[in-house]
2 protein chains.
Amino acid sequence: MEKAFKALASTPRRRILNHLAGGPMTVGEIASKFDMAMPSISKHIAVLHDAGLLHRQKRGQEVIYSIAADNLANSMYSFLTPFCPEARALAAERKLTRETEEGGE
Amino acid sequence: MEKAFKALASTPRRRILNHLAGGPMTVGEIASKFDMAMPSISKHIAVLHDAGLLHRQKRGQEVIYSIAADNLANSMYSFLTPFCPEARALAAERKLTRETEEGGE
DNA sequence: CTTGCATTTAGATATTTTCCTATTTAGGAA
DNA sequence: TTCCTAAATAGGAAAATATCTAAATGCAAG
């Protein structure tokens, strides 16, 4: 509870959750969406994971994170999100990167 | 959203919400539950109010705060709370002060 | 208009958070 | 082993937060 709310009280961390809503990603993939150094992203991911909001899976030397959909705080967050103005910007950001990637391949 | 999560990411502020769940209170009444200087409490209340989580009403020189039950983030919080271990402690605290007050009057 | 009480604002300090660069760990491939 | 890449950790500077005491504000009563 404490951890979940602290984790969600950060814009970069909510943006990470939002990107992961589009599917699992490696740390590097997540970092590529941000104009922020990798260790900072890694730290944010660790906070989210420690709060039980992310699942972690290793594949070779990569670490894949995904939303812990079973987590209650997470469910509430995704329920709440569409009602907030902030959500539009986040959705747009997610959509944009997906289209760019599809178009660029 | 930003403000609501930041507001909820603090133990004293969640405790304030919990106390207010028992009914509206003045700033002084809220402060009496805490071992913390009045200005600090006042600040916490201001954060909650600014996040839209509290309603504010003046009665003479007193200011009465109450839970903004219509607020979405608030609803989420009160829904989520009973599922968390933290909730038991909060409920016990609320119950204790109510009994003490009733017994002491 | 002065006094008294409830609340808020100001200003200072200590702690926590955030972010960076540099380094370390771990895995896969030559 | 040695090299390369992905991710995490270490250490430190800057910004935000929390808390206190002291002072200001607002309101009501005398």
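Predicted model: local features only at pLDDT ≥ 70, side-chain atom pairs only at ≥ 80, totals over all residues.
Me: How do you know that the copies meet through the same surface?
Reply: Of the interface residues of chain B, 100% are also interface residues in chain A, so the surface through which the copies meet is the same. Contact requires C-beta atoms within 7 Å, and 14 residues of chain B are in contact with 14 residues of chain A. On the side of chain B that touches chain A, the elements giving two or more residues are α1 (2-8) and α5 of chain B. By class, that side has 10 nonpolar, one polar and three charged residues.

Me: Why are the buried residues of α5(A) said to line one face of the helix?
Reply: Ala73(A), Asn74(A) and Tyr77(A) are buried in helix α5 (residues 72-80) of chain A. Seen down the axis of α5(A), the buried residues fall within an arc of 100 degrees, so they line one face of the helix. They pack against α1 (2-8), α2 (11-20) and β3 of chain A, together with α5 (72-80) of chain B.

Me: What makes β1 and β2 of chain B edge strands?
Reply: An open sheet of three strands in chain B has the order β1-β3-β2, with antiparallel pairing. β1 (25-26) and β2 (54-59) of chain B each pair on one side only, and they are the edge strands.

Me: How do you know that β1(B) and β3(B) pair?
Reply: A pair needs at least two bridges, and β1(B) and β3(B) have two, in the antiparallel sense. Within this pair, Thr26(B) stands opposite Ile64(B).

Me: Which strands of chain A are joined to β3(A) by bridges?
Reply: Strand β1 (residues 25-26) of chain A is joined to β3(A) by two bridges, antiparallel. Thr26(A) has Ile64(A) as its bridge partner there. Strand β2 (residues 54-59) of chain A is joined to β3(A) by six bridges, also antiparallel. In that pair, His55(A) has Ser66(A) as its bridge partner. With two residues between them, β2(A) and β3(A) form a hairpin, and Gly60(A) in the turn has a positive phi of about 65 degrees.

Me: Which residues come nearest to DNA strand C, and which element gives the largest share of the surface?
Reply: Ala37(A), Ser40(A), Thr26(B), Gly28(B) and Pro39(B) come nearest, out of 20 residues around DNA strand C. α4(B) gives the largest share of the surface, five residues. At least two residues each come from α4 of chain A and from α3 (27-32), α4 and β3 (62-67) of chain B. By class, the surface near DNA strand C has 10 nonpolar, eight polar and two charged residues.

How values were computed:
Residues numbered from 1 in each chain as written. Chains lettered and ligands numbered in written order. Contact = placed C-beta atoms within 7 Å. Near = placed C-beta within 6 Å. Helix = DSSP H or I, 4+ residues; strand = E, 2+ residues; numbered from the N terminus. Nonpolar A, V, L, I, M, F, W, Y, C, P; charged D, E, K, R; others polar. Buried ≥ 20, exposed ≤ 12 C-beta atoms within 10 Å, placed from the backbone. Arc of directions from axis to C-beta.
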